[in-house]
Amino acid sequence: MSSKQTPKISSGALVCGDNKMHGDITFGTNSIVHPSCTISAESGPIIFGDTCIIEEQAKIIHRVPFYRTDKNPVMFIGSNNVFEIDCTVEAAKIGNNNIFEPKCFVGNKVTITDGCVIGAGCVLTDEQVLPKNTIVHGSGCKQREALDQPNPQFGLMDTLMRLLPNYHHIRKPIKKP
Amino acid sequence: MAYIVEPDVVRYACMCGLLKPISRLYFCRHCLHLRCGFCVCHEVDSLFCGKCLENLPSTEAKLKKNKCSNCLECPSCHQQLSSKAATVAPKNPEDPKATPKKVIYLCCLNCRWTTRDVGIPDQEVGKSGWPEHENVHTNRLNAIMNHYKKLVLKEKQQQMDKDKKQRKYTTSLAERTGVTASILRKRLGMTELKNPLLEADDLKPAVASKEIVDSIEHLLTTPIKLNDITTIDQRLKLPDWQPTAVDKLYPVHKQLSVKRSLRCRSCEHNVSKPEYSPNSIKFKIQLFAYYHIPEIRIVTVEPLRIGKQCELLIKLINPTQHQTTITILPLEHLDAIQQEDTKVIEDPPETKEPLSFQLLQSSLTSHPRQINAKVGTDVSIPTSSIILPARDDAAEYDDTGETQNFQDDPKLVVFRKSNKAVIKLLVAPMENLELGEEVIAGFTMQHVYTSTIATTTENKEPQKFDHKMKIYLTLGTLVGSQ
């Protein structure tokens, strides 16, 4: 897999230029990618859903554990996910409406369903499936279940869509045939 | 700063015999003693809420059970709750005039717990105060409390009656003639006044029931969902209800914080007194040892080997505005002096001291405990002393190497800059140490303390004292023998 592949950007997505991207990456519509984040598709392609926000310094790495032998694994990330500043996410399956707060770490054995919030600084490494609407918080990584999913941040997205192109280089989306 | 003074590498012996780093010590400049947090009197100065910074008098705080009436805490993770605004659609959407209503609910920014999670209704904007969660057993608890108050009063009454009987002679006219207030009232035909607290109450004692109220069958049949069960912390945060399920959690009022002042035990002078206002982080009096006692830092130690003289470089820093002279003395030096002192103190009777002081002394005088540190090396005691100039904040930024004319022993003083000096000591670990054991060196440091208390008109010169204290240095582990 050549690392010089250009990411596939759907129309309506906003991907800043100054970030590190390796491998086969696909962004859904209305996604926003800030500058200086790292997205690395080492073991296989990464596919982002719609309206994801990836903030500065976020690291999304597709690194399958060594004992998995599935051929050509794909990292699926659902829609409405927010990757906040300096989070590291290696989970191969991520549902919708999740929030990864700053400095959190999610290992590659973790599966994340829908509506989860990984709190700031929380570390999840063991093999586990986070049930729906789980909130991980605090220094002890305590878990609790929320009543409903976090609301998508439409106001923030509108502002970013307007402001980011004024100050950054933007990667061009692929023109649909 | 904490990374320099916080590790317990250089420890000073407090007057009570505990070893503490300099950042944890106070220095009473009236009786010239080091004091630690365990040997000062703690006093509550003011109570305040840490969130809204409201200052409460102690009686009011007691009435409110030491809790802030405005600020609420998350019952799930004990962080402060913040209010969040939301808009709610009008009740009847067909009505064109109805506008969306603005409401407020509480939300924890840490664990995202909201008042909506447990079904607390949202508040309208402008209304203040959240509904209090009433305890079901309030009436019963009040009844029990009243009952105990009555018991206390009864016991007091009985004690007083007993005292009266014991008294042989009476002096008051009323008692001699037998005309007391209650008898007078009877004669006048008035009903007897009764203390409401002395009346017999109809408190029924609690009855133990044979039946178990909650059936535990479901615990055995259904799998437990840990996310639905509260933790011990969460239960203890709500002592009135102690909910077992997360949907019974309710916001808690924030506990008040305390500003306290510290007082030296022997001379009753304050060693630390914060400013009264909760907004201020300043102190009126702060006699921290860090500002009065020369600080010692370890620069380097040679690998420690038994029977070998190892170089130990320590840095001495003078934090005061006065020049000081530091002398290193053997550890036993102070013990000898203290023994003499105690002999002297035992003889003279205490006079002129305030009563409270005497009371305090009788309860608080205690011999310092044995210092709990096994000294494992001999320290070569230098013969000359070191003069340290006063602290000058401007000199910190002055790189033009100023020359100080101190007649130093070049074998002792290695380096010198403004109010700091690095000296070289030789340590020799003792024979009885084992490999890998921690080596502790100890010595007595004597420094000249210039009193900053305003002196009387007779002697305008600031008074100078020789102050001595024991220092224990943890040098690291023994790596081998020679």
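Q: Are Tyr26(B) and Phe288(B) buried or exposed?
A: In this predicted model, Tyr26(B) and Phe288(B) are both buried.

Q: How are the rings of Tyr26(B) and Phe288(B) placed, and what is the angle between the planes?
A: Two numbers describe a ring pair: the distance between centres and the angle between planes. For Tyr26(B) and Phe288(B) these are 5.6 Å and 55°, and the pair is tilted. An angle over 60 degrees would be needed for edge-to-face.

Q: Which parts of chain B does this pair tie together?
A: Tyr26(B) belongs to strand S3 (residues 25-28), while Phe288(B) is in the loop between strand S14 (283-286) and strand S15 (295-301), so the pair links parts of chain B that are 262 residues apart in sequence.

Q: Which residues form one aromatic cluster with Tyr26(B) and Phe288(B)?
A: The cluster also takes in Phe283(B), Tyr290(B) and Tyr291(B).

Q: How many aromatic pairs does the structure hold over all chains?
A: There are nine. One of them is in chain A: the ring centres of Phe27(A) and Phe48(A) are 5.0 Å apart and the planes meet at 15°, so this pair is stacked. Phe27(A) lies in strand S4 (residues 25-27) and Phe48(A) in strand S7 (residues 46-48), so parts of chain A that are 21 residues apart in sequence are tied together. Both Phe27(A) and Phe48(A) are buried.

Q: What sits over the ring of Tyr105(B)?
A: A ring can also have a charge over it. Here the charged end of Arg116(B) is 4.0 Å from the centre of the Tyr105(B) ring.

Q: What is the order of the strands in the open sheet of chain A?
A: The six strands run S3-S6-S9-S12-S15-S18, with parallel pairing. Strand S3 (20-22) and strand S18 (123-124) are the edge strands, each pairing on one side only. Within the sheet, strand S12 (residues 88-89) and strand S15 (residues 105-106) of chain A pair over two bridges in the parallel sense. Thr88(A) has Phe105(A) as its bridge partner in S15(A).

Q: How many residues does the contact take from chain A and chain B?
A: Chain A gives 10 residues and chain B gives 11 residues. The two chains bury about 960 Å² between them, with 41% of it on carbon and sulfur atoms. On the chain A side, His137(A), Arg144(A) and Glu145(A) lose the most area to chain B, together 49% of what that side buries.

Q: What is the count of salt bridges between chain A and chain B?
A: The count is three. One of them joins Arg144(A) to Asp117(B), with the closest N and O atoms 2.6 Å apart.

How values were computed
Residues are numbered from 1 along each chain as its sequence is written. Chains are lettered from A and ligands numbered from 1 in the order in which they are written. This is a predicted model: local features need pLDDT of at least 70, side-chain atom pairs count only at pLDDT 80 or more; totals for chains, interfaces and linings use all residues. Side-chain values use heavy atoms; hydrogens and water are left out. Rings of Phe, Tyr and Trp (its six-membered ring) pair if their centres lie within 6.5 Å; planes under 30 degrees apart count as stacked, over 60 as edge-to-face and the rest as tilted. Helices (H or I, at least four residues) and strands (E, at least two) are DSSP runs, numbered from the N terminus. Buried means under 20% relative accessible area, exposed over 50%, partly exposed in between (1.4 Å probe, protein chains only). A charge sits over a ring if NZ of Lys or CZ of Arg is within 6 Å of the ring centre and within 35 degrees of the ring normal. Two strands pair if DSSP finds at least two bridges between them. Contact means heavy atoms within 4.5 Å. Buried area is the accessible area (1.4 Å probe) that two parts lose on being put together, summed over both. A salt bridge is a side-chain nitrogen of Lys or Arg within 4 Å of a carboxyl oxygen of Asp or Glu.
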